Amino acid sequence: MAHTVDELVELQHAADKAHDRARELREAFGPPASEQWTEGQRAMYETAWRAWRDLDRDTRDAITRYAKDEALDRSAVERTVRDRVKERQEER
């Protein structure tokens, strides 16, 4: 469970990186409906996609719990987290 906004930012950053990885694989392999993927490519993409899906779900749940525990508006917490992730990426 995330106890600070910084921990939520870390969770969101990890989810974003996992999403980027799944998107990179899809771009590299081509659309699954129109390209013949090897079994290895399919397994790699499905693993990346599941990792992103799970991290995204966990992040959303953590944001919801944090907002509830701190008596804050959930959407405001989510905006703060996304803004902080964006600032972090711009610094790099």
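In which helix is the place of Glu-90? Select Glu-90 and you'll land in helix 3, which covers residues 74-91. Keep in mind that you're looking at a predicted model. Glu-90 is exposed, with a relative accessible area of 57%.

Next, click on Gln-12 in helix 1 (residues 5-29). Is Gln-12 buried or exposed? Its relative accessible area is 2%, so Gln-12 counts as buried, the cut-off being under 20%. Leaving aside residues up to four places away in sequence, Gln-12 touches Thr-59, Ile-63, Val-81, Arg-82 and Val-85.

Stay in helix 1 and pick Ala-28. Ala-28 is exposed, at 61% relative accessibility.

Now for some charge pairs. Side chains of opposite charge can pair when their charged atoms come close. The structure holds 11 salt bridges. Show Glu-46 and Arg-50, whose side chains meet in one of them at 3.6 Å, N to O. Both lie in helix 2 (residues 39-69), 4 residues apart, or about one turn of the helix.

Last stop: select Arg-53, Asp-54, Arg-57 and Asp-58, which are linked in a network of salt bridges. Within it, Arg-53 meets Asp-54 at 3.4 Å, and Arg-57 bridges to Asp-54 at 3.3 Å.

Methods
Residues numbered from 1 in each chain as written. Predicted model: local features only at pLDDT ≥ 70, side-chain atom pairs only at ≥ 80, totals over all residues. Heavy atoms only, no water. Helix = DSSP H or I, 4+ residues; strand = E, 2+ residues; numbered from the N terminus. Buried < 20%, exposed > 50% of the residue type's maximum accessible area, 1.4 Å probe, protein only. Contact = heavy atoms within 4.5 Å. Salt bridge = Lys/Arg side-chain N within 4 Å of Asp/Glu carboxyl O.
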